[in-house]
Amino acid sequence: MDEFSARLSRTLRQMYNQISECESGLLKPVAIDRGLTLLKKLGYPVSLLESLPPENFDHAFPLANPLTKIIELDPKTILDLGCGTALDLFLCTRLLPQLKHVYGIDASSGLLDKGRNRLKNIPEQTVGITLFEADLNQFSKYDINSVDLILMNGSFNLIHNKAKLFQTLSGLLNNAGQILIYDFLLTESLPPGFSDEIDNWLWNIGGALSAAELSEAVSSAGLEIISIDDLERIDPVARCQILIAKK
Ligand SMILES: C[S@@+](CC[C@H](N)C(=O)[O-])C[C@H]1O[C@@H](n2cnc3c(N)ncnc32)[C@H](O)[C@@H]1O
């Protein structure tokens with residue numbers, strides 16, 4: 001792993017582990033939406049959220065609600081990379097009765113423990129959820145069979161070498177499998193030197209690609225972009241839903 005990737009991984013792991021220990025979630029004194037308010041604003045199904053204890057939501061940091069798209073794609077197996085507390089996977093097991101198994105990978109042991117505790121408190125859980133701690137900046141092959149869907153909800157822009165990541169993901173996808181990413185794409189160039197600063201990567205902007213750069217990284221791994229949908233435009237970025245498949 002190169003030096004920048006190693007520093008990025010270390011800084012993000014520390015940051016998310018610290019966040020996992022913070023009782024009321026991230027940035028309590030700052031007036032940004034979080035927890036249940038954030039999830040409702042992003043369009044997560046309110047009745048499902050309200051059927052769960054509110055502490056489930058304090059450590060969720062999604063970029064978007066992926067559930068409507070995942071229901072449409074109808075996967076039997078899902079791998080969530082940068083899953084955090086694995087709330088998306090957990091909600092998928094409630095909404096997709098045909099699911100067989102789901103896997104989550106994250107670098108933060110603190111967030112993964114929150115996810116494991118949630119599962120312990122729900123003994124009637126039937127779909128298997130397996131959570132692994134691993135660093136996606138040095139992710140090659142994991143002990144996972146190939147899957148129908150790979151989800152990255154807010155973690156893609158935190159990975160340094162995206163072309164290399166796509167090569168690994170291609171090997172983890174079933175032939176008809178798809179990759180669903182929620183993250184920012186650039187609508188304008190970032191100021192010179194902006195992406196050299198680790199701090200600018202922490203909230204998903206420093207590592208943002210333009211649509212052309214994304215397309216290049218995707219095709220270098222034998223994959224193709226199926227669709228890019230703008231969910232919100234906040235120049236110099238747009239919050240996007242990106243669907244990718246094998247060529
Ligand atoms: C914006 S949060 C999204 C979390 C989750 N998808 C959600 O919706 O709550 C980004 C996540 O990516 C994880 N992450 C960042 N860099 C990582 C890396 N190199 N390897 C594995 N996970 C990483 C963080 O620990 C964090 O849980």
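A residue is called buried if 20 or more other C-beta atoms lie within 10 Å of its own, exposed if 12 or fewer do, and partly exposed in between, with C-beta atoms placed from the backbone. The model is predicted: local features need pLDDT of at least 70, side-chain atom pairs count only at pLDDT 80 or more, and totals for chains, interfaces and linings use all residues. Residues are numbered from 1 along each chain as its sequence is written.

In helix 7 (residues 162-172), the buried residues are Leu165, Phe166 and Leu169. Seen down the axis of helix 7, these buried residues fall within an arc of 100 degrees, so they line one face of the helix. The arc is that of the directions from the helix axis to the C-beta atoms. The cover over the buried residues of helix 7 includes strand 4 (147-153), strand 5 (173-186), helix 8 and strand 6 (223-234). Helices (H or I, at least four residues) and strands (E, at least two) are DSSP runs, numbered from the N terminus.

Helix 6 was examined in the same way. Helix 6 covers residues 109-120, which is 12 residues. At 1.5 Å a residue, helix 6 should span 16 Å, and its end C-alpha atoms are 16 Å apart, which agrees. The expected span of a helix is 1.5 Å times one less than its number of residues. Leu111, Leu112, Lys114 and Gly115 are buried in helix 6. Viewed down the axis of helix 6, its buried residues fall within an arc of 155 degrees, so they line one face of the helix. The face turned away from the buried side carries the exposed residues Asn117 and Lys120. Helix 1, strand 2 (101-106) and strand 3 (128-133) are among what covers the buried residues of helix 6.

Ser219 lies in helix 8 (residues 211-219). Ser219 is partly exposed, with 14 other C-beta atoms within 10 Å. Ser219 and Ala163 are 56 residues apart in sequence and 8.8 Å apart in space, C-alpha to C-alpha. Ile225 belongs to strand 6. Ile225 is partly exposed, with 16 other C-beta atoms within 10 Å. Leaving aside residues up to four places away in sequence, Ile225 touches Leu214, Ser215, Val218, Ile242 and Ile244. Two residues are in contact if their C-beta atoms, placed from the backbone, lie within 7 Å. Ile225 and Lys246 are 21 residues apart in sequence and 8.8 Å apart in space, C-alpha to C-alpha.

The ligand was considered next. It is surrounded by 22 residues, and the closest are Pro62, Gly82, Gly84, Ala107 and Gly154. A residue is near a molecule or strand if its C-beta atom, placed from the backbone, lies within 6 Å of it. Helix 1 (3-21) and helix 5 (87-95) are the elements that give two or more residues to this shell. Helix 1 gives the most, with 3 residues. By class, the shell has 11 nonpolar, 8 polar and 3 charged residues. Ala, Val, Leu, Ile, Met, Phe, Trp, Tyr, Cys and Pro count as nonpolar, Asp, Glu, Lys and Arg as charged, and the others, Gly among them, as polar.

The protein chain has 8 helices and 7 strands. Its radius of gyration is 17 Å, close to the 18 Å that the globule rule gives for 247 residues, so the chain is as compact as a globular protein of that length. This radius is taken over C-alpha atoms, and the globule rule is 2.2 Å times the number of residues to the power 0.38. Buried residues make up 35% of the 247 residues in the protein chain.
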